[in-house]
Amino acid sequence: FMVAGLIGAVFLARASLRSLQVMSWAALFLSYGFLILTYTSLGVNVNGNKNWVELGTSLLRFQPAEFAKLAVIMWAGTIFTRKQRKLDDPAHLLIPFLPLAGLVLLLVVFQGDMGTAVIIAAIQVVLLLVVGTPKRVLLALGGAGLLGMLAMTVTSANRMRPLLAFMNPGHDLEGTIMQATVGVYALATGGWFGTGIGGSRQKWGSLPEAHTDYIYAVIGEELGLFGALLVLALFFILGFAGIRVAMRSE
């Protein structure tokens, strides 16, 4: 993954603006194709959500929504740049952004993956915010999104359980809240300086999804408070550098 990422980074860094604009349209339609594959026999159900695609082997399993996030951002940059002088007009601001980006969101929603859908919706709102969308438009879209999220939550027992557990953290410690509880145990065990690299005990069976969703709990256990804060600082620097580059770009 690191080698593939480095090759991709070098390629994108050397690509011309025109090439990036063409690639952004291709990426958007490719993301449609990948998301549609989740509804076919290639789609794989993971933890109740059919949001993965597997191409013959588990080594070639990926989550199309992750690709779609980047595709929407690249594509939005392309269309908003071309419409830069017309963005005061709501029609130019929302067309074609809203229907085409909204289709990505709908494909994710119908997978049943509300968490990813909320993230993609937030990305789209931030994109609109950055280009100066009027507050009334953002409030209308935000209100519609909240109603949709509420409807998805109350109509699903799987989504209601975590919400109720969040509101009552001491309830169902061995069930719905178990993963969060073990994550807290892992962080508490780390203390100031941690148990050392590879020294986590919770990751060996106690903590589900230790290598993905709850990796930060393992980092806190092995590197302690200082190591966990260092990781947060690195993410902050990465975000700051990205925003600085964007602000200095024409």
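Let's start at the surface. Leu187, Trp192, Phe193, Ile215, Tyr216, Leu225, Phe226, Leu229 and Leu232 make up a nonpolar patch, with about 920 Å² of accessible area together. By patch I mean residues with over 30% relative accessible area and no salt bridge, where nonpolar side chains (Val, Leu, Ile, Met, Phe, Trp, Tyr) are joined within 5 Å and like charges within 9 Å. Areas come from the Shrake-Rupley method with a 1.4 Å probe, and for residues only the protein chains shown count as cover.

Before going on, the ground rules. This is a predicted model: local features need pLDDT of at least 70, side-chain atom pairs count only at pLDDT 80 or more, and totals for chains, interfaces and linings use all residues. Residues are numbered from 1 along each chain as its sequence is written, and side-chain values use heavy atoms, with hydrogens and water left out.

Back to the patch. Which helix gives it the largest share? Helix α10, residues 215–248, with six residues. Helices here are DSSP runs (H or I, at least four residues), strands likewise (E, at least two), numbered from the N terminus. Leu225 sits in α10. Leu225 is partly exposed, at 38% relative accessible area. The scale: buried is under 20%, exposed is over 50%, partly exposed is in between, with a 1.4 Å probe and protein chains only.

Now the inside. The largest nonpolar core has 24 residues. A core is a set of buried Ala, Val, Leu, Ile, Met, Phe, Trp, Tyr and Cys residues joined through side-chain atoms within 4.5 Å. Leu35, Phe80, Phe97 and Val104 have the most contacts inside this core. Helices α2 (17–37), α3 (64–82), α4 (90–94), α5 (97–109), α6 (114–130) and α7 (135–154) each supply at least two of its residues. The largest share, seven residues, comes from α3.

What does Phe97 touch? Leaving out residues up to four places away in sequence, the list is Trp75, Ala76, Ile79, Phe80, Gly102, Gln124, Leu127 and Leu128. Contact means heavy atoms within 4.5 Å. There is also a second, separate core of six residues, including Val182, Ala186, Ala210 and Ala217.

Three strands form an open sheet in the order β1-β2-β3, with antiparallel pairing. Pairing takes at least two DSSP bridges between two strands. Three bridges join β1 to β2, residues 49–54. Val44 has Trp52 in β2 as its bridge partner.

Last, charges. How many salt bridges does a search of the whole structure find? Three. The criterion is a side-chain nitrogen of Lys or Arg within 4 Å of a carboxyl oxygen of Asp or Glu.

Arg61 meets Glu54 at 2.6 Å, N to O. Arg61 is partly exposed at 35%, and Glu54 is partly exposed at 21%.

Lys69 meets Glu66 at 3.1 Å, N to O. Both lie in helix α3, three residues apart, about one turn. Lys69 is buried at 15%, whereas Glu66 is partly exposed at 40%.

Lys203 pairs with Glu222, with the closest N and O atoms 2.8 Å apart. This pair links distant parts of the chain: Lys203 is in the loop between α9 (178–190) and α10, and Glu222 is in α10, 19 residues apart. Lys203 is partly exposed at 26%, while Glu222 is buried at 8%.
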